[in-house]
Amino acid sequence: MGADEREEEQLRSVALENARSIVRARQRAERDLVATREALEQQTQALTLSLAMIRATLESTFDGILVTDVQGKVTGCNEKYLKMWQLPRDPSGSDHARLLELCAQQLPDPARYLARAEEIRTGSVAESSDLLELTDGRVFERFSSIEYIDGRNVGRVWSFRDVTIQKQTEAQLRDQREWFQVTLASIGDGVITTDVHGRVTFMNPMAERMTGWGLASARGQPLERVFAIVNEFTRETVPNPVQQVLREGTTVGLSNHTLLLTRDGAEIAVEDSAAPIRDAHGVITGTVMVFHDVSARRGAETALRDADRRKDEFLATLAHELRNPLAPIRQAALISKAAGATEAQKRWSHDVIDRQIQHMSLLLDDLLDISRVTRGTLVLRIQPTDLADIIAAAVETARPTIDAKRHTLSIEVPEQAVRFNADPLRIAQMLSNLLTNAAKYTDPEGHIRLTARCAADEVVIQVADTGIGISTDSLPRIFEMFAQVATSRDRSEGGLGIGLALTKGLAELHGGRIEARSPGLGRGSEFTIHLPLKASARAPQCAPDSGDAPRPAVGQRILIADDNRDSAETLCALLRMDGHEVRVVHDGPEALAAFGEFRPAVVLLDIGMPGLDGYEVAQRMCGACSWELKLVAITGWAQENDRERALAAGFDHHLTKPVDLQRLRALLQPAGAAAAPAGY
Ligand code: ADP
């Protein structure tokens, strides 16, 4: 082969080679193209999938979401957003400003809403959070944030969350908490809560006040420290109820007689109960303890017990005091009827009987008076009264007791006469009480001093002694009814413990007061009565008595009806001695029979008679009487309502037993002569 042929052969093989490599390159390019297209398709599919997922996510979220670009065009939103704002269609591509307009209409202040949206949109606020309260009551929370891609601001995402229910729940919770706090702060009970370990978690203001612990310092402390309790009598620590509640899971009440020891050492009588606090699953998460101050009630209970004890002591003393005079009376009666008794012995025994009866009557009078003072029915007979006369009368009454113990009595009264308005008998009664007490509670040969003076608008009378004195503890109680100080010589001085209560009551009825002072036991006592110079009696007053002592009226026909024969016969004998014509009967029917036949001018009727009682007899006598008649009830009952009942039944007068002969004589005065008012 020649050179030309070889060259041609070479060229052909090069061209062939080129053509092959071109074909191979195209084939490679085509393969690459296919691969690229396939990759693109895969990516497009993945993108479509992730877009679908994003959309699905957006749709499934509870929030409404709106996306805008930097120009304020809406690039997307979810269904929820449209629904929340009640917008009609997909607003993609539309103007954000238009949407804002539509939303703003649903708020009470659209202009404010728009201004704020504009501020967020145009300002560089990276993130915002607002609460929107719609006119229909719904509440939305709006968040917005700028979205960046590769550090470039590409728009903003707005998300809206409907928080209406949450806000309502929060408001309800707030209300409840408020209500609970106001309740806890205003109730009179202390409330403490603890955790499951019995450590304080909360206490209300009352609990703070009572324990002396503030919540801040008490929180976390064991309850036993904050609420320390002991038994009132044993002083031993009382187990805290909270431990039992935690152990047993039941409500536990505190035992009686529990004292709370406060942080500053005071003691308060308390009553409480503790209960478990459980969660929704019934598991105990703590305890609540409620307690209150029962000091006042305990005080009242103690006072009641004291009063009851004093009443029992009083009854025992009363029985003793009433029985005391019976022995001398019986013995004196025996002496006077003894065959060999001389006239002098008989007179002496009569004096003894008279004295003892006088003593018993005084006791009973005091009893009745104190009952009238406490019920406010005691009637004062206020009249111009001479101070010196009252003092003389009081001294006369107390003189036997003073003399019996050989005391010296000194009296200092103003030189010029003092006259003031008062009930002279009652003032004398008060003073003789004080003088008798001074004599009783002073060892023999002591000194008693009575002084009286006039101050600006009052009369001040003082009785001081050198006697056994009164302890500071007892002083506040001695004016209480039935009060008797234990140290008073085992009651050897007797008395019912009502004298001072009565004296105080009488002073107060006069608009005055009484005070007691004593430097201490064994150092004497001093009682001071203040009486206003001008009468200002707080009790109903009566017209003054005519001062003349009644003289026995003579020659009246008197019928006595009393089932107590001794009482009837002795009264009959006394009235006959006064010159009256007297007949005695012992029951109601007899009284009525004698009435018609005897035609008495005066009938003295016992109320409690067998057969017909005195009220009924009186009524029948009134109905059958054609002549002038005086009906007098004579009873052992001297309460105000007994008197009223007697007067209502037709009696003209009401006298209590034993009959005061002076009063009876006054009543027997014929009409027109001075007579005392109805008995009191
Ligand atoms: P009574 O004398 O019947 O017991 P009172 O009411 O008169 O009752 O007195 C009450 C108590 O006050 C007395 O029991 C006595 O303990 C005390 N008391 C009264 N007066 C005096 C006094 N002058 N000195 C000491 N104690 C007195």
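Trainee: Among contacts in the protein chain between residues at least 6 apart in sequence, what share join residues at least 24 apart?
Mentor: That share is 59%, with contact meaning heavy atoms within 4.5 Å. Keep in mind that this is a predicted model, where local features need pLDDT of at least 70, side-chain atom pairs count only at pLDDT 80 or more, and totals for chains, interfaces and linings use all residues. Residues are numbered from 1 along each chain as its sequence is written, and side-chain values use heavy atoms, leaving out hydrogens and water.

Trainee: Thanks! What does the C-alpha trace span along its principal axes?
Mentor: About 210 × 65 × 55 Å. The radius of gyration of the protein chain is 54 Å, while a compact globule of 680 residues would have one near 26 Å. That radius is taken over C-alpha atoms, and the globule rule is 2.2 Å times the number of residues to the power 0.38.

Trainee: And how much of the chain is buried?
Mentor: Buried residues make up 40% of the 680. Buried means under 20% relative accessible area, exposed over 50%, and partly exposed in between, using a 1.4 Å probe and protein chains only.

Trainee: New topic: what is the phi of Glu-445?
Mentor: Near 65 degrees, a positive value in a residue other than glycine. Glu-445 counts as exposed because its relative accessibility is 54%.
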